[in-house]
Amino acid sequence: MMNRFLPILIFVFSTLCLCSCDSTHQTEILGVKCYELPDSPENTIARWNNLGINTAYVSEDIAENLEFRKLAKASGIDVYLIFPVFYNPEALKADSSLWARTSDGERAKADWVEFVCPSRKDYRASVVEHAKDMVSTLKPDGLSIDFIRHFVFWEMVGPNFDPNRLPDACCCSNCIDGFITETGMALSNEMYSSEEKLWFIQENHSQQWQKYKERLITTMVSDLAQAVKSIKPDTKLNLHAVPWRADDYNGASRTVTCQNLPELSKMVDYISPMCYTHMLYRSAEWVDSLVVDFQKQGVDNVLPCIQVGLSYRSEEFTPEAFDACVTSARKSQVNGLVLWSWEMLAKDLKKQKSIEGIK
Ligand SMILES: [Zn+2]
């Protein structure tokens with residue numbers, strides 16, 4: 001009896017498996033970050049269709065291009081708006097009191113990286129309003145939250161970087177006083193200077209201070225998530241993570257960037273580490289090690305983003321090295337792959353070969 005039905009059972013089972021594999025495959029992201037379209041919207045979308053690119057993470061300028069949005073929608077390409085949070089040179093130019101400060105009292109600035117203090121309520125409210133405006137006007141499929149952390153120029157932090165040279169921010173008077181108010185400590189402005197208060201906090205309440213700094217980031221993400229979903233409930237959220245494993249640089253992922261990845265991963269659809277190997281003097285295998293490390297921390301929605309072209313270095317980044325990064329990024333169970341950037345990939349036919357096999 002069983003023998004008679006066995007072939008049928010096997011057929012049904014394999015069909016079910018194929019269907020489920022197919023649907024998984026269809027939802028896998030193959031994305032590109034794009035800041036300036038190197039070609040017309042029509043040609044760009046046509047090339048993305050050919051390469052199987054199904055998701056675009058774009059600047060405000062591109063997202064505001066109506067023709068681009070229409071063509072992307074018609075092709076079923078999801079468009080995420082890249083949304084910088086605490087990197088904001090324009091806001092700092094208009095109001096210098098917004099500057100984040102390092103523990104030595106200096107402005108949080110390194111090269112082009114300029115950070116706003118994450119505890120300024122007026123600035124946080126303006127960011128939330130801006131996100132709501134963008135989502136109600138442009139109706140993107142997703143918001144890709146960028147510069148959502150404390151200040152550090154991580155792009156310059158290679159494998160042998162001395163953790164003691166990493167900055168400690170934000171330590172401005174607004175953050176210090178916010179912490180004192182939250183914890184109810186008796187440290188009045190009349191009795192102590194900001195430097196004295198900071199010294200006292202770091203000496204006696206370093207863990208609480210650390211948690212407070214993390215909360216400034218985590219609550220900013222939850223405020224943004226709540227705001228954009230109140231306008232457009234199906235808005236997806238992606239978060240750009242600094243590519244540091246839990247134990248790198250003495251745990252700087254938690255103590256310097258203050259990105260609490262396990263907490264943040266519950267609030268967004270994807271956590272996307274910027275695995276920029278060539279810039280950071282890292283191997284292709286490092287990409288997978290980072291993905292695995294994030295997953296071990298409890299992040300089950302990792303979406304690695306890898307580097308395509310040259311940045312900060314002039315030595316060649318070969319198609320073979322890039323191909324190894326593509327393989328490494330997809331080695332573990334991930335939600336897809338994002339490429340930084342389309343501008344770089346568009347002009348490199350050899351590197352395009354590496355992603356042709358993915359679709
Ligand atoms: Zn501050």
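Along the chain, the zinc donors are spaced as C-x52-C-x1-C-x2-C. The model is predicted, with local features needing pLDDT of at least 70 and side-chain atom pairs counting only at pLDDT 80 or more, while totals for chains, interfaces and linings use all residues. Residues are numbered from 1 along each chain as its sequence is written, and side-chain values use heavy atoms, with hydrogens and water left out.

## Exercise 1

Task: identify the protein donors of the zinc ion and classify their arrangement.

Solution. 
- Step 1. Donors are N, O and S atoms within 2.8 Å of the metal (3.2 Å for Na, K and Ca); water is not among the atoms, so sites may look incomplete.
- Step 2. C117, C170, C172 and C175 each supply SG, at 2.2 to 2.4 Å from the zinc ion.
- Step 3. Four donors count as tetrahedral if all angles lie between 85 and 135 degrees. The angles between the four donor atoms here are 98 to 120°, so the arrangement is tetrahedral.
- Step 4. Buried means under 20% relative accessible area (1.4 Å probe, protein chains only). C172 is therefore buried at 9%, and C175 is buried at 1%.

## Exercise 2

Task: place R313 in the chain and list its contacts.

Solution. 
- Step 1. R313 sits in the loop between strand 9 (305-307) and helix 13 (319-329); helices (H or I, at least four residues) and strands (E, at least two) are DSSP runs, numbered from the N terminus.
- Step 2. R313 counts as buried because its relative accessibility is 19%.
- Step 3. The R313 side chain comes to 2.6 Å from the backbone oxygen of H278.
- Step 4. With the side chain of E315, the R313 side chain makes a polar contact of 3.3 Å. A polar contact is a pair of N or O atoms within 3.5 Å; within protein, one must be able to donate a hydrogen and the other to accept it, and residues adjacent in sequence count only if both atoms are side-chain atoms.
- Step 5. Beyond its neighbours within four places in sequence, R313 is in contact (heavy atoms within 4.5 Å) with H278, M279 and Y281.

## Exercise 3

Task: describe how domain 1 and domain 2 are arranged.

Solution. 
- Step 1. The domain assignment, which is automatic or from a database, gives domain 1 (28-77 + 269-359) and domain 2 (85-235).
- Step 2. Their C-alpha centres are 27 Å apart.
- Step 3. Across the two, 14 residues of domain 1 are in contact with 16 residues of domain 2.

Notes: Buried < 20%, exposed > 50% of the residue type's maximum accessible area, 1.4 Å probe, protein only. Tetrahedral: all angles 85-135°; square planar, octahedral: opposite > 155°, others 65-115°.
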